[in-house]
Amino acid sequence: MHDAPIIMLGGFQLDLSAVFMLLVSMAIVFLVCRLSVANLSVENPSKFQNFMEWIVEFVQGIIGSTMDLKKGRHYLSLGLTLILFIFVSNLLGLPLGIITEAHKPEMIFGHVIEATRGLADGEHAELLWWKSPTADVSVTAGLAIVVFILMNYLGLRYNRKHYLRHYIEPFPIFLPLNIIENLAKPIALALRLFANIFAGEVLITVILKMGVLGIPFLGVWQGFSIFVGALQAYIFTILTMVYIAQTTIHEEEH
């Protein structure tokens, strides 16, 4: 396995490859969205416009399956952002990898670059700069924490009485279990996405070490990884909408 390029910033370890790949993912999603609305037309829509309209309808279907679409329509931009960003992020590590050899000490922006495991003087390591950002648990945890904060905030804002009451249902003795259940949601979101994408990239590394014999397997696995990447983006998005529906909509209403 390769090491990640790390710098210390304010007492925290910052993975430069994760930051770089997040910027790449955002740039790709922005470019795709911008191209899809560049020449809007009702009579003669472009391929990009048709593609984006299909995604919008798909996300509307996801929202409609978890809550009343009239109440969930304002979550459309959230769903679109999640599914596009996660899907692109899941696929970035499939086509290539950029690896450099690091020797201690090396500097960037006035900070020393270190490998994940740390390097002794004179030792060298291979630093992986291009990967799927969702193969980093800190990235998936960040996404899950945003969802966790959002769903609880929306529950307190739009459904406070029933949101707070559900913690002591069906009996007050279930309060600790309901709190644990709530805390487990972002953990499950983060680990599910990270484990699937990370395992896929590890297997690609193993196949590449097989040399020529691994070429047929590599093509098959990369094709399957596209399916896995799309599936994980869908699962993360639909679970986000399910959690928001659970906190914002009273059961009788739903």
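Figure 1. Of the 254 residues in the protein, 38% are buried. Keep in mind that this is a predicted model. As for contacts with a separation of 6 or more, 72% of them link residues 24 or more positions apart.

**Figure 2. The order of helices and strands.** The count here is 8 helices and 6 strands. Starting at the N terminus, the elements go β-β-α-α-α-α-β-β-β-β-α-α-α-α.

**Figure 3. A look along helix α1, residues 16-36.** This helix has 21 residues, and its first and last C-alpha atoms sit 31 Å apart, close to the 30 Å expected at 1.5 Å a residue. Which residues of α1 are buried? They are Leu16, Ser17, Ala18, Met21, Val24, Ser25, Val29 and Ser36.

**Figure 4. The salt bridge between Lys131 and Asp136.** The structure has 1 salt bridge, and this view zooms in on the pair that makes it. The closest N and O atoms of Lys131 and Asp136 are 3.6 Å apart, which counts as a salt bridge because the cut-off is 4 Å. Are the two partners buried or exposed? Lys131 is buried, with 10% relative accessibility, and Asp136 is buried too, at 11%. Both get that label because buried means under 20% relative accessible area.

Terms used. Residues are numbered from 1 along each chain as its sequence is written. This is a predicted model: local features need pLDDT of at least 70, side-chain atom pairs count only at pLDDT 80 or more; totals for chains, interfaces and linings use all residues. Side-chain values use heavy atoms; hydrogens and water are left out. Helices (H or I, at least four residues) and strands (E, at least two) are DSSP runs, numbered from the N terminus. The expected span of a helix is 1.5 Å times one less than its number of residues. Buried means under 20% relative accessible area, exposed over 50%, partly exposed in between (1.4 Å probe, protein chains only). Contact means heavy atoms within 4.5 Å. A salt bridge is a side-chain nitrogen of Lys or Arg within 4 Å of a carboxyl oxygen of Asp or Glu.
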